[in-house]
Amino acid sequence: MVSRRAPLIFHLPVFLWYLFVLHQDTLLTGGGRLLGAGTYGGRWKYLTFINMVLQTTFFGVCVLTDLVWRLSQSDKRMQRLSLRMSALQDWLFSALAFPIGFFVVMSFWILYAYDRELVYPEQLDKIIPTWLNHAMHTVVLVLLMLELFVVQHRWPNHKGCLAVLVTFCSSYLLWVLWIQHRSSIWVYPILEVLSPIGLCIFLTAAVLVTVSLYVVGEKLHRWRWGKSNSTEQSPVLIQPQCKLRTH
């Protein structure tokens with residue numbers, strides 16, 4: 001059996017790390033050094049920032065879930081709350097945190113390698129420290145992989161997860177188009193150089209790739225933890241003292 005103590009030791013430092021990174025990113029915004037952050041939509045028009053908030057929220061839920069589990073050993077009401085929070089944690093990870101985080105990292109570095117001016121103009125090197133860039137565009141995937149391989153989740157229903165993920169992607173794309181409509185600003189330079197048909201193809205491909213990354217997450221989870229712990233059954237990492245599911 002695996003102790004519940006291990007996930008808390010992992011989740012708490014990661015949560016604090018994301019709070020620190022968000023704080024540092026906000027300092028750049030507050031100082032007026034990032035001009036794009038002062039235009040319509042602010043930081044909330046950038047998927048990277050939205051993803052950082054998402055990752056911070058997810059690991060915050062993980063910390064709360066771990067703490068509630070510790071309090072639930074002799075309290076049935078806390079046990080029920082622990083199960084609900086564990087379910088929320090599984091949903092957040094499988095439907096949003098993993099595929100969105102993976103997409104942000106992968107799409108950024110692919111476009112960066114092709115032509116960095118399309119996604120991260122060279123002038124940003126003078127504003128955003130290298131470590132902060134990697135914190136937002138590299139470390140995210142490393143921590144997600146550690147979460148997947150260290151903590152066992154129960155993979156929720158496919159239809160529900162995909163519905164949440166597609167709704168999120170569609171909402172963000174509508175938000176990007178609305179920003180362009182209201183302010184004549186494209187969130188990312190690459191969108192400026194695409195024709196209307198090219199734009200439709202690019203955005204559709206982005207959604208399809210994100211959905212495929214959800215499948216990748218499930219396959220990796222099944223490979224790591226076994227098929228029996230995916231969508232139908234609860235994880236086997238259970239404390240013998242109280243029939244509660246753990247990661």
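Predicted model: local features only at pLDDT ≥ 70, side-chain atom pairs only at ≥ 80, totals over all residues.
## Helix α6

Helix α6 runs over residues 158–183, a stretch of 26 residues. From its first C-alpha to its last the helix reaches 37 Å, close to the 38 Å expected at 1.5 Å a residue. At its start, a side-chain oxygen of N157 comes to within 2.9 Å of the backbone nitrogen of K159. Just after the helix, S184 has a positive phi of about 60 degrees.

The buried residues of α6 are C161, L165, C169, Y172, L173, V176 and I179. An α-helix has 3.6 residues a turn, so residues three or four places apart point the same way. The cover over the buried residues of α6 includes α2 (47–71), α3 (76–115), α7 (189–192) and α8 (196–225).

## Nonpolar core

The largest nonpolar core holds 62 residues, and I100, Y172, Y188 and L191 have the most contacts inside it. Two or more residues come from each of α1 (5–30), α2, α3, α4 (130–137), α5 (139–150), α6, α7 and α8. The largest contribution is that of α3, with 13 residues. In soluble globular proteins, nonpolar side chains tend to be buried together.

Y172 is one of the buried residues of α6 and is also among the core residues with the most contacts. L191 is another of these. Leaving aside residues up to four places away in sequence, L191 touches V176, W186, L199, F202 and L203. Of these, V176 is a buried residue of α6.

## Salt bridges

How many salt bridges does the model contain? The count comes to three. Side chains of opposite charge can pair when their charged atoms come close.

D25 pairs with R43, with the closest N and O atoms 2.8 Å apart.

R116 and D125 form a salt bridge with an N to O distance of 2.9 Å. R116 is buried, with a relative accessible area of 16%, whereas D125 is partly exposed at 42%. R222 and E218 pair at 3.2 Å, N to O. Both lie in helix α8, four residues apart, about one turn of the helix. R222 is partly exposed, with a relative accessible area of 25%, while E218 is buried at 6%.

Technical notes: Residues numbered from 1 in each chain as written. Heavy atoms only, no water. Expected span 1.5 Å × (residues − 1). Buried < 20%, exposed > 50% of the residue type's maximum accessible area, 1.4 Å probe, protein only. Contact = heavy atoms within 4.5 Å. Polar contact = N/O pair within 3.5 Å; in protein donor to acceptor, adjacent residues only side chain to side chain. Core = buried A, V, L, I, M, F, W, Y, C linked by side-chain atoms within 4.5 Å. Salt bridge = Lys/Arg side-chain N within 4 Å of Asp/Glu carboxyl O.
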